[in-house]
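Hi,

Here is the structure we talked about. Please open it alongside this email; my notes follow below.

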Amino acid sequence: MSAASDLSASAPTASGHASYIQILKSTLLIGGSTAINILFSIVRNKAAAMLLGPEGFGLMGLYNSVLDLTQAVAGLGVNSSAVRQVAEAAATGDRSRITVTTIVVRRVSIVLGLAGFLLLCAVSAPVARLTFGDTAHAAGVALVAIAILFRLVSGGQVALLQGLRRIADLARVNTLGAFLATLLTIPMLFFFGKNGIVPSLVAGAAVTLVVSWVYARRVDIGTRAVGLRETGRESSELVKLGLALMASGLVSVGSAYLIRLIVVHYEGIAAAGFYQAAWTLGGMYAGFILQAMGADFYPRLTAVCNDADTCNRLVNEQAQIGMLLAGPGLVATLTVTPLVVALFYSSQFHEAVEVLRWICLGMMLRIVSWPIGYIILAKGARLALLATEIAAGVVHVGLAWLLTKRFGVAGAGAAFFCLYVWHGLLVYAIVRRMTGFRWSAANLRLALVFLPAAAAVFAAFLLLSQLQATMFGLAVTVATGLHSLRMLVRLLPADALPAPLRAWVPKKS
């Protein structure tokens, strides 16, 4: 095992300190904007839950699924492949190449947005029949197609910011877009009820487009004429990886769509609302870490993806920070799920509590496995990427069908947890062959702290009284939180820490 692929237990080197500082800065910046977005999301979801009830909230979730699924098809994965292409161009320092890539990304995103709009309008009636069981919602499906156009064009602007690692601008786009979307959504739902669902989705996509366009136009990429031949060549490179990303994204979004249909089939639309509520809350805290990975870690990894040792080291560092930041939060969420569900939604959503606990366990495993999955993406390994996503989709939907039929809506949450037990092992095996990746000793020790801690809190709510389980969960949350804080402090140089935390840094012998 090389030194690069095994982070030792000793204090990091100067370069290691710099890498951890970079990860923490980007995580905190994107995490901060995500926290603000979450606050806006809480307000929107609370308003939707109170104004629409479980059935209306489930209806909104179904419309969102249609929107996500169509975006995955029409987008051809280009917005994601564009991040990689822009990052590669930026790594060369060739200004002309960056200019060409940016112009082509913008052109392609507009063309795909128009194609997606026309596609969903054309099939609105069959999509409505499949999703809602009738064609009464066909007009709503056709109207939501406008959001597809806005989302895909906006995605091209965001890809530029992300590929160039303009993390501060990316955080501003996310925050301002979420604020304006909230400002428009709540009045629409208040005055129009269920009839305001689709207009609110379109309005949210529209304001995100405006904000992303404003910040993307501030990037000085230079000017240059880009002809059809050059556009075709650059577009071809975008689409080659994009198609694999589109297919994998389609599998992922399609799986989410099918799982909601399974829940509706066995338990009704209200149950779909419970599942949607649990899914939103379960991904809330993990979103801090996962969005930071996409925003900064992915472009960084792309720039060094041909250096196996450096690539593996970055993945271990990112995973280590991810576990330290996410672990205590997910344990806390497991502990206070009834309070969280009641606070964020209403007492009508009590059936979401058990679903949320299963999803939290799955999110713990997701935090661990996602960094190594980025190796496949950074290397542009299209076949491996597609194969893993198809396998994950088949397993997820199959488990959801079996477990929902047997255990109700909670079975859909259990299916998510089981998926990541299996998917984590699969991705590790693939990346192990690809780069010789191994988990560092430090990460193995962290996994042996957080995974059993989460499992113990989950089991406590099955075996103990509500009060006893809650007290136990709070104790585990405090213990894991202190452990995470101490470990984070040891990864940073003493002069980068506030004075009260410097005592936690071990003295050099």
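**A loop residue to start with**

Leu 164 lies in the loop that joins α5 (138–163) to α6 (167–192). Helices here are DSSP runs of H or I with at least four residues, strands are runs of E with at least two, and both are numbered from the N terminus. This is a predicted model, in which local features need pLDDT of at least 70 and side-chain atom pairs count only at pLDDT 80 or more, while totals for chains, interfaces and linings use all residues. Residues are numbered from 1 along each chain as its sequence is written, and side-chain values use heavy atoms, with hydrogens and water left out.

Leu 164 is partly exposed, at 23% relative accessible area. The scale is: buried under 20%, exposed over 50%, partly exposed in between, with a 1.4 Å probe and protein chains only. Glu 88 is 76 residues away from Leu 164 in sequence, yet their C-alpha atoms are 9.4 Å apart.

**Two helices with a buried face**

Helix α4 (residues 124–132) buries Ser 124, Val 127, Ala 128, Thr 131 and Phe 132. Viewed down the axis of α4, these fall within an arc of 100 degrees, so they line one face. The arc is taken from the directions between the helix axis and the C-beta atoms. Gly 133 follows α4 and has a positive phi, near 85 degrees.

Helix α11 (residues 337–344) buries Thr 337, Val 340, Val 341 and Phe 344. Their arc is only 95 degrees, which puts them on the same side of α11. The face of α11 turned away from that buried side carries two exposed residues, Leu 339 and Leu 343. An α-helix has 3.6 residues a turn, so residues three or four places apart point the same way.

**Aromatic pairs**

The whole structure has 13 aromatic pairs. Rings of Phe, Tyr and Trp (its six-membered ring) pair if their centres lie within 6.5 Å; planes under 30 degrees apart are stacked, over 60 edge-to-face, and the rest tilted.

Tyr 63 and Phe 132 have ring centres 5.0 Å apart and planes at 45 degrees, so this pair is tilted. It links distant parts of the chain: Tyr 63 is in helix α1 (residues 14–74), Phe 132 is in helix α4, and they are 69 residues apart. Tyr 63 is buried at 4% relative accessibility. Phe 132 is buried too, at 15%.

Tyr 275 and Trp 279 are stacked, 6.3 Å centre to centre with 20 degrees between the planes. They sit four residues apart in helix α9 (residues 269–303), about one helical turn. Tyr 275 is buried at 2%, whereas Trp 279 is partly exposed at 24%.

**Charges over rings**

The charged end of Arg 218 sits over the ring of Tyr 215, 4.6 Å from its centre. Likewise, the charged end of Arg 357 sits over the ring of Phe 461, at 3.9 Å from the centre. The test is NZ of Lys or CZ of Arg within 6 Å of the ring centre and within 35 degrees of the ring normal.

Happy to go through any of this.

Best wishes
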